[in-house]
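Dear colleague,

Please open it first, and then read the notes below beside it.

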Amino acid sequence: MSFLYPIRLVSILALFSVFACRQAAVPVKVSRATDHSFGNAHEVRIVHSHLDLECDFDNKKLKGTVTHRLDSVRGRKLILDTRNLEIQKVWVDGKETDEFQFGVFDTILGTALLIPIDSLTKEVKIAYSTDTAAEALQWLQAAQTHDRKKPFLYTQSQAILARTWIPLMDRPDTRFTYSARIRCPKDLLALMSASNPQQKNDSGIYHFTMPQPVSSYLMALAVGDVQFRALGDSCGVYAEPGFMEEVAWELADMPEMIRKAEALYGAYPWGRYDVLVLPPAFPFGGMENPRLTFATPTIIAGDRSLTSLIAHELAHSWSGNLVTNADWNDFWLNEGFTVYFENRIVEAVYGKDIADMQAELEVGELQRTIARLMKEAPNDTRLKLDLSGRNPDEGLTDIAYVKGFLFLKHLESVVGRSRWDEFLRSYFRDNAFGTTTTDAFKQRLNDSLFQTAEEAVKANAKNWIYQPGLPENWPRPNSTRMLTAVNASARYLATGQPDTAATRNWVTQQFQQFLRSLPDTLGHNRMAALDAHFRFTASGNAEIEADWYTLSVKNGYKPAYSAMAQFLQRVGRRKFLLPVYNALAATPEGLVEGKRIFALARPGYHAVSAASIDRILNPE
Ligand code: BES
Ligand code: ZN
């Protein structure tokens with residue numbers, strides 16, 4: 001009997017606080033339609049945040065406090081973004097207050113947290129814990145890791161998920177420095193987008209500092225059984241012990257990539273550059289967390305053919321992390337610039353041939369995306385997006401990436417490479433540690449790139465930025481090695497004979513182009529002959545596998561299905577999953593199979609991937 005009393009008291013208190021929050025819910029509006037944040041950055045600046053968190057793997061929760069240091073307070077309250085967070089206590093300048101309130105829940109933005117402050121307030125501290133529904137977090141069981149020995153946790157904050165694990169102003173246009181103390185199980189190592197430990201210690205407590213100001217979407221944490229290995233003076237990799245050999249070999253070109261990147265657009269601004277190779281559930285290829293890129297293990301192909309992804313995330317150290325899109329409508333400033341920069345790094349490290357092949361593959365995808373979007377949502381094919389009232393995830397298409405890239409290629413061709421490179425160097429220098437907008441970029445083109453009216457006309461920037469589709473004179477990549485692949489697929493269609501001589505020295509990108517050029521009507525025999533010859537099923541190269549399984553579904557080629565089902569259960573990278581599930585969803589029979597596989601695979605997917613696949617298999 002005696003132990004019941006405190007439990008009852010606790011639950012009555014809990015009920016009361018839920019009730020009190022509901023009572024207090026106040027309508028809060030975003031201050032600009034382009035915002036995806038309630039944060040009132042125009043009234044208060046957060047200059048530094050300190051996290052003190054414990055990783056509770058048993059309950060899949062982060063618990064602890066965040067302390068925000070304020071500056072230039074003009075309003076009477078601090079408004080933060082939260083989503084599914086349990087806020088326990090709030091202190092204003094060391095004094096606990098219960099006068100905080102919550103905004104009305106918004107399905108895209110979450111819940112605003114309003115804390116009364118005044119012009120003298122210096123510091124706000126919040127005790128909170130995350131919910132099991134925190135979309136940014138993925139808690140993996142040991143079986144989901146490479147070595148299958150220890151659990152793993154990682155975050156994915158971009159675009160607006162940082163608010164699911166930290167109450168903060170979750171908007172790209174304000175920057176803050178941060179520090180952290182993270183407590184985790186003693187057999188695991190904690191890493192952040194900050195200064196990082198290189199080995200485990202006996203306490204399980206790790207300290208971090210990020211002395212350069214970053215935007216909220218770059219907040220990142222990973223906890224797992226990982227080791228460090230240096231690849232150069234200021235760069236290295238983190239991976240699970242049993243994977244380290246393969247990872248270190250695959251990514252050995254990193255120091256060279258950094259040297260080439262610096263030679264192109266200026267000194268690397270963040271001190272160290274390391275890469276953490278995550279378990280396969282990671283929903284993206286890579287995430288440019290400052291000082292520590294998070295990467296999918298699907299780039300570990302055994303032949304260094306997929307390392308351009310590292311070039312991409314490295315390039316974000318300038319385009320994105322150093323010069324940041326002010327809001328998600330300007331997403332192409334992050335990604336288009338990065339694809340361009342990535343392509344230049346690849347050209348410098350691996351040669352123009354490889355860079356051109358890569359570009360051609362991407363442009364093929366862009367053309368398919370444009371064809372689809374022109375029917376569904378033509379305005380989403382404009383570089384400058386309108387994501388008001390929408391989830392910024394909807395802006396995550398080839399438009400920002402590849403149309404953005406082509407626009408910059410086009411500008412390069414208008415003024416010539418040397419003037420263009422000089423322009424980009426000054427763009428990064430002048431905007432360093434700041435944010436920028438599409439309009440400011442356009443103004444900059446007029447002010448400091450174009451030298452004649454003719455150049456401005458040729459550049460046609462207004463059309464590129466504000467019109468749907470592609471302008472007439474878009475730069476066509478042309479790679480003879482890619483042409484070989486397209487021709488080989490036409491020949492195979494005609495003859496049914498794989499051309500062994502022609503394909504002997506092919507690289508991954510050529511196989512991808514070959515597969516993407518084949519029709520949906522190959523028939524069982526030709527699919528079987530291809531597979532017998534090239535062993536695409538379970539090829540071990542995830543890019544090729546994803547293309548092959550997509551083609552297999554479109555052709556109803558059943559012998560590939562069991563390997564496909566395994567692939568879909570092992571790999572969580574959304575880019576690979578979507579085409580396969582889309583192909584499955586195109587026929588009633590495929591849809592049944594898709595749903596069957598998804599039911600098995602879903603517990604292993606990150607929320608971001610699961611939500612996208614849900615939409616494919618269960619459209620409203
Ligand atoms: N920053 C992106 C990933 C991202 C964008 C996550 C928006 C959430 C919202 C990252 O740099 C990226 O572009 N990754 C690509 C890799 C690439 C080589 C194009 C990916 O994950 O496929
Ligand atoms: Zn990117």
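**What was found**

Please keep in mind from the start that this is a predicted model.

**The zinc ion**

The zinc ion (ligand 2) is coordinated by the NE2 atoms of H312 and H316 together with OE atoms of E335, at 2.0 to 2.8 Å. If you read along the sequence, the donor residues follow the spacing H-x3-H-x18-E. Two of these residues bring distant parts of the chain together, for H316 sits in the loop between α4 (308-315) and β20 (323-325), whereas E335 belongs to helix α5 (residues 331-350), and the two are 19 residues apart. Both H316 and E335 are buried.

**Ligand 1**

The other ligand, ligand 1, is surrounded by 16 residues, and the closest of them are Q158, G285, E288, E313 and Y401. By class, this shell is made up of 6 nonpolar, 6 polar and 4 charged residues. Some individual contacts deserve a careful look: an N or O atom in the side chain of E288 is 2.6 Å from a nitrogen atom of ligand 1, and two zinc-coordinating residues, H312 and E335, also reach this ligand. In the case of H312, a polar side-chain atom lies 3.1 Å from an oxygen atom of ligand 1, while for E335 a polar side-chain atom lies 3.1 Å from a nitrogen atom of ligand 1. Taken alone, ligand 1 exposes 530 Å², and the protein buries 88% of that area. The elements that contribute two or more residues to the shell are β18 (286-287), α4 and α5, and α4 gives the most, with 3 residues.

**Helix α4**

Is α4 itself enclosed or open to the outside? Of the 8 residues of α4, 8 are buried, so this helix is largely enclosed by the rest of the structure.

**Elsewhere in the chain**

T130, which is found in strand β8 (residues 123-130), is buried, with a relative accessible area of 1%, and its side chain reaches the backbone nitrogen of L62 at 2.8 Å. Y427, in helix α8 (residues 417-430), counts as buried because its relative accessibility is 2%.

The peptide bond from Q158 to A159 is cis, with omega near 0°, and A159 lies in the loop between β10 (152-155) and β11 (176-183). D93 has a positive phi of about 45° although it is not a glycine; this residue lies in the loop between β4 (85-92) and β5 (95-97) and is partly exposed, with a relative accessible area of 39%. N460 likewise is not a glycine and has a positive phi, here of about 55°. N460 is found in the loop between α10 (453-459) and α11 (461-466), and is partly exposed, with a relative accessible area of 26%.

With best wishes

Definitions and conventions:
Residues are numbered from 1 along each chain as its sequence is written. Chains are lettered from A and ligands numbered from 1 in the order in which they are written. This is a predicted model: local features need pLDDT of at least 70, side-chain atom pairs count only at pLDDT 80 or more; totals for chains, interfaces and linings use all residues. Side-chain values use heavy atoms; hydrogens and water are left out. Donors are N, O and S atoms within 2.8 Å of the metal (3.2 Å for Na, K and Ca); water is not among the atoms, so sites may look incomplete. Helices (H or I, at least four residues) and strands (E, at least two) are DSSP runs, numbered from the N terminus. Buried means under 20% relative accessible area, exposed over 50%, partly exposed in between (1.4 Å probe, protein chains only). A residue is near a molecule or strand if one of its heavy atoms lies within 4 Å of it. A polar contact is a pair of N or O atoms within 3.5 Å; within protein, one must be able to donate a hydrogen and the other to accept it, and residues adjacent in sequence count only if both atoms are side-chain atoms. Accessible areas come from the Shrake-Rupley method with a 1.4 Å probe; for residues, only the protein chains shown count as cover. Ala, Val, Leu, Ile, Met, Phe, Trp, Tyr, Cys and Pro count as nonpolar, Asp, Glu, Lys and Arg as charged, and the others, Gly among them, as polar.
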